[in-house]
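Here is a short briefing on the structure shown below. It starts with how contacts are counted, then goes through the chains by topic.

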Amino acid sequence: MELVTSVLAIAVFAGASLVYAAVGEIVTERAGVLNLGVEGMMIMGAVTAFAAAVASGNAMVGVVVGGVVGGIMALVHAFATITLRADQVVSGLALTLAGGGLASFLGQRLGPGGAPLVGMVGPRFHGVPIPWLSDLPVVGPALFDQDVLVYLLFLVVPAVWFFVARTRPGLALRAVGESPQTADAMGIGVYRVRYLATVFGGVLAGIAGAHLSLAYTPGWTEHLTGGRGWIAIALVIFATWDPRRAVLGALLFGGVNAIQFRLQAEGTTIPASLLNMMPYLLTIVVLVVITRFEALRHRLGAPAALGLAYDREERT
Amino acid sequence: MSRTGSHGRRGLAVALRGITKSFPGVLANDHVDLEVRWGEIHALLGENGAGKSTLMSILSGLYQPDEGEILVGDDEGGLRPVTITSPRAAIHLGIGMVHQHFKLVPTQTVAENVILGVEDMPFVLDLDAVARDVAEIADRLRMPVDPTAPIWQLSVGEQQRVEILKALYRGAEILVLDEPTAVLTPQEADEVAAILRSLAAEGKAIVFISHKLDEVVEIADRVTVLRKGRNVATMDVADTDKHRLAELMVGREVATTIPKPPAEPGPTVLALEGVVVRNERGLVALDHVDLEVAAGEILGIAGVAGNGQRELTEVATGLRRPDAGRVVVDGKDLTGASPVAFLDRGVAHVPADRLGRGLAGNLPLADNLAMRAYRHPPIAVGPAIRRDRMRAFAETIIERFRVDAPGPDTPARNLSGGNQQKAILGREITAGSWAAARGHRPVLVAAYPTRGLDVGAIEHVRARLLEQRAAGTAVLLVSEELDELLMMSDRIAVLHGGRIMGVVTPEETTIEELGLMMAGEAHR
């Protein structure tokens, strides 16, 4: 029992940044924009959030800065792919590569007086146990002895789900991702919706990075995100573009992390890289299953216009 | 006409006066006038490129006219000038458009599609209430549709009803439909006609674009004919007939029937025996199909799009391997053979999707025309290609098949649809004739060869097909135009749900019977 409790607590803690990034990418992709720059936006969010937290002495300022930086990077992607109609894959990859390099560079300079950030100790988020609830067996420590950013997810995830599934602008968002021609003909501003959705995804990716550098592994080291941006993108598919299932997936993937720690502590012979592979394998399984059956594909499949630039003048 | 009075509206619903619209190099509308009365069904008739769609795009706010004015009427016979800057502005004026290519989101429900983009919806949607409203309108018009069904599960006819519902839900009083029956079975087309009539009886003004004379005569009260961007005439349908309308539309005498010598069918050349095909979704697309096409015969394939036509043409040309059954060409079992093997035995193919499968749009016309010939001398010299010979070869086809192109170096996508089709036909017929020269009996599989073409190009294509028939080619003609099938075919096989519902001859069947067979309601 103690094992389950601790694995669950680590899974939630480790999965939080994945949920932020994945939920953001879900909204972006629901509008038909594929942003493979999550990893780059996350790591830029992480480094700038930490730098801002050090400079201001306030971790919350770091979160805001990380979110803004992620949003600005997404804006670049939006401009390139929506306005200029550049290839979404290429632009996203460029964002990831550029973000990684820029983050390393900034990590050398953004400390007080231009000092490197590496090894520096700064403000961070601590667990804030919620009285009584955190004493619940098994789920107590996992859900109610976490930091503020984890608690914020309790709001963000249901809100995003409700927005997408049940509101008028949410319907417009889905229509834009499924059939921009239709949305356009129905008077919906396709470009505006896509811009907003892309920037929203970037903000959440930036916050995801902030959670890493301000809570999960406080401080700045190079390659801090360690591919979590890619896991988040895999998660979007695993979750079949539904924020609720993204939480489940993040717990599962975060759990893999947690189990890995425990197994290593117990001296297992299973190589860690095999476990790290699991999220991607599961994602492929999900992809195969949903593309195999038509009904599933319509209900759970990728937005039909995902990855495609929209041009009203283009004849189809 | 005595239509006024019952709905209490007088005068004009909309008037377009002196509308002029040009695009680079094209004068699409040249001082066009159109007046539509409340309570009437008004047909806008013309060939492709006559300017019908441009005119309606101006009325629905997609394009702005260069010149001319638009006036919208009230119930009392008054008119006021308006500018329509967007589709949304058109909706505010009560003008609703039903596009030929449906504007529907396949994964969303009927109700969701109906309210998409409607401004005065609450932030949090009450889809149940919407579904009730939609069902109410649908019931009133007697066009049943389940508001909670996702669009992808609906038939084409049902999807069109959703499009009409969408316009009505937004309060459209003037309804514009672009080729509303193009993709429907005759029965579904009748249902749409009935819906339009009941809307007109309520006092709404209906404009529908068409190039089909039959439906204009059958559905419309008045008709305006456009030719080359100008209006030629507006008249009561009761005062005219199909022949006169055809003349007005084309600007010259047209043969509505083609002289066709009696068939002299030879031996069976193409035979499908118990062919079963599963499509990409694993569903049965062809269900034990037996068909035989004889030399010198045109076998027509009738059916609503999506009932196995694509799979049938693919199996017959070697592009798809049947899951069961045999494909025999001129006595030789070619089941599972490659498309090249089919071609070498003389099976030519005019595919349904001209630019998707027929031509590589960005490549020069010469390359496209040589696609069946480049593997052999004289164009092929060992592994190399003689471009000069390729161009010369292309020029002979361009000349023989009267392809109107600046030259063999023009990218294929720059040709008009009719000239693209002539180019494909030329290439395929030439390939077939080589096979004939090698002693094979040629087969020509033509899928929707006249779709989207203007009358002149249609005549050309049909004449070529009949030429092939006379030359002893076995022709398999897939079409959605029943008139065309009745005119061209020696026998007609009807496909429904991947099954052959029967094979009939044009002399002993009627459009009604074909329609019932297409809907799966009748067997022969």
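Two residues are in contact if their C-beta atoms, placed from the backbone, lie within 7 Å. By that rule, 17 residues of chain A are in contact with 20 residues of chain B. The model is predicted.

**Where chain A meets chain B**

- By class, the side of chain A that touches chain B has six nonpolar, six polar and five charged residues.

**A helix pair in chain A**

- Helix H1 (residues 2-30) and helix H9 (residues 190-216) of chain A have axes that come within 7 Å and cross at roughly 170 degrees.
- Angles over 145 degrees count as roughly antiparallel, and H1(A) and H9(A) are therefore roughly antiparallel to each other.
- On the H1(A) side, the contact residues include Phe13(A), Ala14(A), Ser17(A), Tyr20(A), Glu25(A) and Arg30(A).
- On the H9(A) side, they include Ala197(A), Phe200(A), Leu204(A), Ile207(A), His211(A) and Tyr216(A).
- By class, the contact of H1(A) with H9(A) has 16 nonpolar, six polar and two charged residues.

**Chain B overall**

- The secondary structure of chain B comes to 17 helices and 22 strands.
- Its C-alpha atoms fill a box of roughly 75 × 45 × 45 Å along the principal axes.

**Domains of chain B**

- The domain assignment gives domain 1 (12-250) and domain 2 (268-361 + 431-518) of chain B.
- The centres of domain 1 and domain 2 of chain B, taken over C-alpha atoms, are 34 Å apart.
- Eight residues of domain 1 of chain B are in contact with ten residues of domain 2 of chain B.
- By class, the domain 1 side of this contact in chain B has three nonpolar, four polar and one charged residues.

**A six-stranded sheet in chain B**

- Six strands of chain B form an open sheet with mixed pairing, in the order S6-S7-S8-S3-S9-S10.
- Strand S6 (95-98) and strand S10 (230-236) of chain B are the edge strands, and each pairs on one side only.
- From one strand to the next, the twist averages 20 degrees.
- Strand S7 (residues 174-178) and strand S8 (residues 205-210) of chain B pair in the parallel sense over five bridges.
- Leu175(B) has Ile206(B) in S8(B) as its bridge partner.

**Helices around the sheet**

- Helix H1 (residues 52-59) of chain B packs on the sheet and touches S3, S6, S7, S8 and S9 of chain B.
- The direction of H1(B) makes about 145 degrees with that of S7(B).
- Helix H5 (residues 156-169) of chain B lies across S6 and S7 of chain B, running at about 165 degrees to S6(B).
- The axes of helix H4 (residues 127-140) of chain B and H5(B) come within 10 Å and cross at roughly 110 degrees.
- That angle makes H4(B) roughly perpendicular to H5(B).
- Val134(B), Ile137(B) and Ala138(B) in H4(B) meet Leu165(B), Leu168(B) and Tyr169(B) in H5(B).
- By class, the contact of H4(B) with H5(B) has six nonpolar, no polar and no charged residues.

Terms used
Residues are numbered from 1 along each chain as its sequence is written. Chains are lettered from A and ligands numbered from 1 in the order in which they are written. This is a predicted model: local features need pLDDT of at least 70, side-chain atom pairs count only at pLDDT 80 or more; totals for chains, interfaces and linings use all residues. Axes are lines fitted to C-alpha atoms, for helices over the stretch in contact, and angles run from 0 to 180 degrees between N-to-C directions. Helices (H or I, at least four residues) and strands (E, at least two) are DSSP runs, numbered from the N terminus. Angles under 35 degrees count as roughly parallel, over 145 as roughly antiparallel, 65 to 115 as roughly perpendicular and the rest as oblique. Ala, Val, Leu, Ile, Met, Phe, Trp, Tyr, Cys and Pro count as nonpolar, Asp, Glu, Lys and Arg as charged, and the others, Gly among them, as polar. Domain bounds come from an automatic or database domain assignment. Two strands pair if DSSP finds at least two bridges between them.
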